[in-house]
Amino acid sequence: MNEKLLREIPPVHELKRDHHFHLIRKQYDIKEDILTHALRETLDELRTSIRNGEWSGTALTPYIWETLSKRVHKNSQYSLKKVINATGTILHTNLGRASLSREAINRVVEVAGGYSNLEYNIDKGSRGSRYDIVESIIKDVTGAEAAIVVNNNAAAVFLVLKALAKEKEVIVSRGQLVEIGGSFRISSIMEESGAKLVEVGTTNKTHRKDYEEAITEQTSILLKVHTSNFKTIGFTQSVPTTDLVSISENYENLIVYEDLGSGVFYDFTQHGIGDEPVVQKVIESGVDLVSFSGDKLLGGPQAGIIAGKKKFIDKLKKDQLARVLRVDKMSYAALEATLQAYQNGKALSIPTVRDILQTEEEINQKAMHVYTEISKIEEIEVSVDKDYSMIGGGTMPDVLLSTYVIKIKHSLLSPNELAEKLRKGTSSIIVRIHENAILLDFRTITQEEIPPLLDALKLVTYHD
Ligand SMILES: *Cc1c(COP(=O)(O)O)cnc(C)c1O
């Protein structure tokens, strides 16, 4: 039976004369040899499944055209695609963290599509340095003497430790030996860098004298890590940055380095949100170096920014590792536009800042709009409820932002099934599930995303 079926598969040259072959070619605008290759692979797979007795189709040729068509379609799709974030979590690490500002996006498009002065000094007509692109803005906004940008903040921590503390000791409080997102552990990064970790204090309390007593000839850095993704509450104590600075003043070349994690240029505390110190304040406190992410609360592209004393930044710039961790032109374009928004007092043009400050009224308006459009659909039970959004990205874990959500229960689908349909639909909508319903948080859904969201909601309520 199988042998007979195998013999019935038409040869490639014959299939290529079939009008289906030319239809698919036209539809996807692909070259003949590419489609022939896909056809051969389709036939190989068909033969394998026939041999294994797995093929259960009825007519061979229609099956071949259908599978070929699916295969070509899949190759025309991107695996990295836009999703609609209906979770309300603003810096969702799984969903790509910060959304870029319009200006940042425009700059990326402009710079990426042609040549740029990435490493060229236009004034002098000679070689320039990519380090100069954003250094002066960072200096201006933070008050630091110098700055360098690397691939991400994990890379920033690694570079500082390797370039300035290799085979030397770095003192860290036990309360700050954090793990972020399961993949970044201060202790592991330190091991990789060759710096020796000296832990002081206990998980909940570390005192000034713990640091003082641990300092030896070998000590190079007093490291403070912003415990951004958790809060120790109750009987706790950590040593203020200013104390670390005053300790270091008694030694020559003892560096105080603060890994801020998120790092903000916009003061959210003026709105009663969180207690993140602006980078400028941290620099003012006298630290030698700080580092922070580009795509967390700053709201820019993935990057790690290191700012501080020029003599240390110069050492970092000269280290071979800086070359390994360097940032490309698209990231520089987006980062410059993002930083410039802060410099020019336009922080609200940055989606991350805007979404954190979004008012309940603005969110409610979007939710009500969608509610009125879908409330009459029979298959679902819909309500608009008050809820809370998280900031995410491991930042400000204790901050809950008041928001409005739409709660949907489907008469036939479980919340998981409904969530799956929305996720796998053309608009890839990612929702929250809570107590037998799905929740759509309108803090992270933009006005432009509402029409495709409505289409998707109307579509999943049909059943065949
Ligand atoms: C997030 C974070 C990092 C890592 O930053 P990436 O930009 O994700 O590499 C390092 N340290 C702290 C304290 C963080 O919160």
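## Close-up views of a predicted model

**View 1. An open sheet of 7 strands.** In this predicted model, the strands of the open sheet run in the order β4-β12-β11-β10-β9-β5-β8. Their pairing is mixed. β4 (146-150) and β8 (196-200) stand at the edges. Each has a single partner strand, so one side of each is left without a neighbour in the sheet. Direction ignored, neighbouring strands of this sheet are turned by 25 degrees against each other on average.

**View 2. The pairing of β10 with β11.** Strands of a sheet pair through backbone hydrogen bonds, in either a parallel or an antiparallel sense. Strand β10 covers residues 255-261, and strand β11 covers residues 289-293. The two pair in the parallel sense, over 4 bridges. Look for G261: its bridge partner in β11 is F292.

**View 3. The largest pocket and its lining.** This pocket has a volume of about 1,600 Å³. Its lining holds 47 residues. K82, V83, S99, L100 and E449 lie nearest the centre. The elements that give two or more residues to this lining are α6 (102-112), α15 (329-343), α16 (351-357), α17 (360-374) and α18 (415-424). The largest share, 5 residues, comes from α16. By type, the lining residues divide into 15 nonpolar, 19 polar and 13 charged.

View 4. Domain 2 is made of 84-91 + 356-461, and domain 3 of 102-348. Why does the largest pocket lie between them? Both domains give residues to its lining, so the pocket lies between domain 2 and domain 3.

Technical notes:
Residues numbered from 1 in each chain as written. Predicted model: local features only at pLDDT ≥ 70, side-chain atom pairs only at ≥ 80, totals over all residues. Heavy atoms only, no water. 1 Å grid on protein atoms, 1.4 Å probe; cavity = no way out; pocket = protein on both sides within 12 Å on 5 of 7 lines; lining within 4 Å. Points joined across faces, edges and corners; volume = space filled by probe spheres on them. Nonpolar A, V, L, I, M, F, W, Y, C, P; charged D, E, K, R; others polar. Domains from an automatic or database assignment. Pairing = 2+ DSSP bridges. Axes fitted to C-alpha atoms, helices over the stretch in contact; angles between N-to-C directions.
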